[in-house]
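Hello,

Here is the structure I promised to pass on. Please open it first, then read my notes below.

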Amino acid sequence: MWMWRASRRCERTVDALESVVWRWRTSRNYQGYEMTEIKNAHLNNKVGPVMRAGEIAQAVCEAAIEDNPGKDIQIEDKVAYVRIQTDDELILRRETLQEMIGRDFEMRELEINLASFSGKIEGDSDHVRFYFTRHM
């Protein structure tokens with residue numbers, strides 16, 4: 001009996017996912033993106049943080065531009081959160097964040113406000129680096 005319920009639940013989940021995929025396939029765009037961009041999203045090399053909106057997010061946006069000269073930094077303000085991304089590598093330095101906020105700043109404050117991120121992440125008390133080791 002339990003196995004039957006589990007399999008029925010799985011079937012419903014698969015049906016729901018197929019419905020979503022079908023709707024995506026039949027629509028011409030999704031929130032301003034062309035469907036080819038959505039289908040090929042796994043082929044991009046975008047890295048960076050997704051920050052909860054607020055003082056820290058604003059400072060991260062400004063620091064990303066300052067600490068990554070010559071890079072095209074894309075900032076998407078979604079009201080509740082801010083997505084900051086660029087190709088291949090994005091570095092955020094504590095000194096720059098302190099300068100942008102106007103007070104002492106510890107990197108753990110960044111982690112508290114970090115909702116998500118894309119790429120790999122490494123960091124210490126002086127900087128955080130978002131990166132990919134492979135390129136698509």
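Two residues count as in contact here when they have heavy atoms within 4.5 Å. On that basis, residues 24 or more positions apart account for 61% of the contacts in the protein chain with a separation of 6 or more. Keep in mind that this is a predicted model.

Overall layout

The protein chain has five helices and nine strands. Along the sequence they run α-β-β-α-β-α-β-β-β-α-α-β-β-β. The chain has 136 residues, and 29% of them are buried.

H3 and H4

Two packed helices are described by the angle between their axes and the distance between the axes. Take helix H3 (residues 55-67) and helix H4 (residues 94-101): the angle is about 125° and the axes are 9 Å apart. Angles of 65 to 115 degrees would count as roughly perpendicular, and over 145 as roughly antiparallel. H3 and H4 are therefore oblique to each other. Their crossing is right-handed. On the H3 side, the contact is made by Glu55, Ile56, Ala59, Val60, Glu62, Ala63, Glu66 and Asp67. H4 contributes Thr96, Leu97, Met100 and Ile101.

Which residues of H4 are buried? They are Thr96, Leu97, Gln98 and Ile101. The cover over the buried residues of H4 includes H3, strand E6 (89-93) and helix H5 (107-113). Just after H4 comes Gly102, with a positive phi of about 85°.

Gln98 belongs to helix H4 and is one of its buried residues. Leaving out residues up to four places away in sequence, Gln98 touches Arg103, Asp104 and Phe105. Gln98 and Ala59 are 39 residues apart in sequence, yet their C-alpha atoms are 8.5 Å apart in space. Ala59 is among the H3 residues that make the contact with H4.

Aromatic rings

How many aromatic pairs does a search of the whole structure find? The search finds one. The pair is Phe117 and Phe130, with 6.0 Å from centre to centre and 50° between the planes, a tilted arrangement. Phe117 lies in strand E7 (residues 114-118) and Phe130 in strand E9 (residues 127-131). The two are 13 residues apart, and the pair links distant parts of the chain.

Is Phe130 buried or exposed? Buried means under 20% relative accessible area. Phe130 has 0%, so it is buried. Phe117 has 35%, so it is partly exposed.

There is also a charge over a ring. The charged end of Arg129 sits over the ring of Tyr131, 4.0 Å from its centre.

Positive phi

Most residues other than glycine have a negative phi, and most peptide bonds are trans.

Where is Val79 found? Val79 is in the loop between strand E4 (74-77) and strand E5 (81-87). The relative accessible area of Val79 is 71%. Exposed means over 50%, so Val79 is exposed.

Asp88 is in the loop between E5 and E6. With a relative accessible area of 28%, Asp88 is partly exposed.

Best wishes

Technical notes:
Residues numbered from 1 in each chain as written. Predicted model: local features only at pLDDT ≥ 70, side-chain atom pairs only at ≥ 80, totals over all residues. Heavy atoms only, no water. Phe/Tyr/Trp six-rings, centres within 6.5 Å; stacked < 30°, edge-to-face > 60°. Helix = DSSP H or I, 4+ residues; strand = E, 2+ residues; numbered from the N terminus. Buried < 20%, exposed > 50% of the residue type's maximum accessible area, 1.4 Å probe, protein only. Lys NZ or Arg CZ within 6 Å of the ring centre and 35° of its normal. Axes fitted to C-alpha atoms, helices over the stretch in contact; angles between N-to-C directions. Parallel < 35°, antiparallel > 145°, perpendicular 65-115°, else oblique. Left-handed = near helix turned anticlockwise from the far one by under 90°.
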